[in-house]
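Work through the exercises below with the model open. Try each task before reading its solution.

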Amino acid sequence: MAKIYDVIVIGGGPAGLTSGIYGGRSKLDVLMIEKDNLGGQISLTDEVVNYPGMKKISGSELMKAMREQAKSFGVSFVQTEVIEVNFSQDIKKIITQSGVYEGRSVIIASGLVHKKLNFKGEEEYRGKGISYCATCDGEFFVDRDIFVIGAGFAACQEALFLTRYGKKVHIIAREPEFTCARSIADKVLTNPKIEVSFNSEVLEVSGDSLARKIKTKNNITGEVVEYSSEDGENIGVFVFVGQEPKTALYKGKIDLDDDGYILTDTRMRTNLDMIYAVGDIRQKYLRQLVTAVADGAIAISDVEKCLYDYKIKNNSNVEIKKEVQIEEKPQGVFSEEMLNLIKETTNKFKEEIELVLVKSEDDEKNKKILEVSEELGKISNKIKFKIYEANDEYLKDKISLVRLPALYLLDKDGKYARIKYSTIPIEHELESFLQAMNNIVGEEEKVRENLLERINKLDKKINVKIGVSLKCTRCPQTVRATQFIVSKNKNIDLEVIDVITHKEFKTKYDIVGVPAIVVNDKNLYFGQMNLEEMIEILEKQ
C-alpha cells in the first residue's frame, strides 16, 4: 500500500520550507516536492538585508540553513516535477515525473515564474545573450555591455550584481522611476557602472549566432536608439519585468483570481478542504520573504489542528516520529548538508560503484577534483575510487580522453557507464552526480511508463554534452533528466562540462548561457529541460 503523508508541500522556497520546519517539529510526516533545487527564487538573491535578525546573508545560504533545519525535524524531500494533481478525495494525489505521492493535506508553495516581454528576438536569442538569471549567466559577459530590462526590485538588485562582470550595465525601464525601495534605487542611481534610461522599452534584439544589437525607444520623445557592440562583441540582455504565478496545474480545480493567483482566507485555506496555498503564489498585498515564512507557519498550524481533530475522530494511532539528531559539523571538502546528502544517497546503493579520475597534465587543475573525489571515496564504502594518468595503457580505446581532468562512472562490472563529468561535482551539480551513481547501482527512479517506452525506442547512437556552470540552479534538472535516459538506453552517452573551466568548448559553440545542450556535436539547445523535453530533443536526432 502506498505511503500516505500527513502533509505534502509542493515547492521548496521559504514559504514551503517554513511549513516543513513547523510540520516536522510538530511530528507530522511531511514530504516536500521541488522541481528545481530547493530555495525558490530567493536562492538566486545575492544579498538579503531586510529579514529580521539577519544583517546580511545570501539567499542561497539562508535557504540551505532552512533546508537543514527541516531535515533535522525529519522532513522528507524529493526532487521531481509535478505534472497533475487530484484533490477530489480525502486522500490527495500528487502525480509527478517519478511517481504518485499521497497525502491527507497539501500546501501549495510553487511560487512565481519570470514573465517574458515578447519583443522581437526574445525567443530567438534566449540562451544566446538573453537571460532571466544573473547568477547563472552573468559570468559569460565579462567586459561586455549588459542591458537589464525592468524597474523593480529584481531589476535593480541584479543590475548591481552584474556590475561585477560587465564593463557597463544599462537599465531600460518603461516606468518614469524605479518601483522598488528608495534605498536600493539610490544604490543603482549612484553606481558609476550603471546607466539608466527611464520611459523606455526594448523594440528588438538582433545579431548572428549571438545577440549583438539592441534597439530601444523612448516613449516620451519617440526617439529610437540602436546599440551595436564594439568590435563585434556580443551583449547580454537580462529581463526582469515581473513574475506570474505557477498555477496552470490548478486552473479549474482551485479558485484563482483574474491574474492567476490562488485565493485563500487568513489561514491560507483555499476553497478545497485540506488544500492550502502559501507564499508568492497566493493573492496577497505584499510578497516578501517575511510574509512568505509567515504564510508557511500559519498554514501548517491549521493543518496540524485539522489533522489532530481528524485522528481523534477516527481513533487513528499514527506513529510519532523521533526527531533526527543534528550531527556535529564535519570538517573537510563537503558542507554538513552535502555530507548528509552523500550518506543518504549512497546508503541506497545496492552494489559498489567505481569512480575513475583521469588526471590532466596540469597539476593545479587536478588538485580540486582529486580532493573532492578522494573525499567521496572516504565517506562511503560503496564508492571505489581509482586514479589514472592520461597516458595509461589501460585507458586506451576504452573512454574519451578529451577534456581532462574528468570523472568517469563505471558500472558494477567495471564497464564505462557512458557518463563523464568534465567538472568538479560540487555545489548544484553534487546532487546530479549522486543521482547518476544511484541510477547505476541504487534504487530505480520512478517515471511514467510512457516515458520509459519512448526512451527504449531511441535506437540511434547519440552523444550529448551539457555545458554547465557550478553556480547555475537550472542546470541540475537538465543533467539529471539526461543521466536517467543514459541509464536506460545504451545508445546514449553524456558528458557534463564546466564551460567556465573549458573555455574551448564555450568558444566552439558560442555559449553565453547555461545549460547549453550539444547533441552529436552539431545541434545546440539552450535552457532548463525536464525528462520529457530531453526525450523530445533526442527523438529529433
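**Exercise 1.** Is Met268 buried or exposed?

Solution. Start with the ground rules. The model is predicted, so local features need pLDDT of at least 70 and side-chain atom pairs count only at pLDDT 80 or more, while totals for chains, interfaces and linings use all residues. Residues are numbered from 1 along each chain as its sequence is written, and side-chain values use heavy atoms, with hydrogens and water left out.

Step 1: the scale. Buried means under 20% relative accessible area, exposed over 50%, and partly exposed in between, with a 1.4 Å probe and protein chains only. Step 2: the value. Met268 has 3% relative accessibility, so it counts as buried. Step 3: the setting. Met268 sits in the loop between strand S18 (243-245) and strand S19 (275-277). Helices (H or I, at least four residues) and strands (E, at least two) are DSSP runs, numbered from the N terminus. Step 4: the backbone. Met268 is not a glycine, yet its phi is positive, about 75°.

**Exercise 2.** Find a non-glycine residue with a positive phi of about 65° and classify its exposure.

Solution. Step 1: the residue is Asn118. Step 2: Asn118 lies in the loop between strand S9 (112-114) and strand S10 (130-131). Step 3: its relative accessible area is 65%, so Asn118 is exposed.

**Exercise 3.** Locate two cis peptide bonds and place their prolines.

Solution. Step 1: the bond from Leu404 to Pro405 is cis, with omega near 0°. Pro405 belongs to the loop between S21 and S22. Step 2: the bond from Val514 to Pro515 is also cis, with omega near -5°. Pro515 belongs to the loop between helix H12 (503-508) and strand S26 (516-519).

**Exercise 4.** Describe helix H8: its span, its bend and its cover.

Solution. Step 1: span. The expected span is 1.5 Å times one less than the number of residues.

Step 2: bend. H8 bends by about 25° at Ile369. That is the angle between axes fitted to the seven residues ending there and the seven starting there.

Step 3: start. A side-chain oxygen of Asp362 comes within 2.9 Å of the backbone nitrogen of Glu364. This is a polar contact: a pair of N or O atoms within 3.5 Å, where within protein one must be able to donate a hydrogen and the other to accept it, and residues adjacent in sequence count only if both atoms are side-chain atoms.

Step 4: buried positions. These are Asn366, Ile369, Val372, Ser373, Glu375 and Leu376. An α-helix has 3.6 residues a turn, so residues three or four places apart point the same way.

Step 5: cover. Among the covering elements are helix H7 (336-346), strand S20 (353-358), strand S21 (383-388), strand S22 (406-410) and helix H9 (429-441). Contact here means heavy atoms within 4.5 Å.

**Exercise 5.** Why is H7 described as largely enclosed?

Solution. Step 1: eight of the 11 residues of H7 are buried, so the rest of the structure largely encloses it. Step 2: the buried set includes Glu336, Glu337, Met338 and Leu339. Step 3: H2, H8, S21 and H9 are among the elements that cover them.

**Exercise 6.** Which residues does Met66 touch, leaving out those up to four places away in sequence?

Solution. Step 1: Met66 is in helix H2 and, at 9% relative accessibility, counts as buried. Step 2: the residues touched are Pro14, Leu17, Thr18, Ile21 and Val293. Step 3: Met66 and Ile21 are 45 residues apart in sequence, with C-alpha atoms 7.7 Å apart.

Now take Ser72, also in helix H2 (residues 59-72). Ser72 is buried, at 9% relative accessibility. A polar atom of its side chain lies 2.6 Å from the backbone oxygen of Gln69.

**Exercise 7.** Which residues touch the most other members of the largest nonpolar core?

Solution. Step 1: a nonpolar core is a set of buried Ala, Val, Leu, Ile, Met, Phe, Trp, Tyr and Cys residues joined through side-chain atoms within 4.5 Å. Step 2: the largest has 90 residues, and Val148, Leu162, Ile485, Leu531 and Leu538 touch the most other members. Step 3: beyond four places in sequence, Ile485 touches Ile455, Leu458, Ile492, Leu531, Met534, Ile535 and Leu538. Step 4: a second, separate core of 30 residues includes Val7, Val30, Met32 and Leu289.
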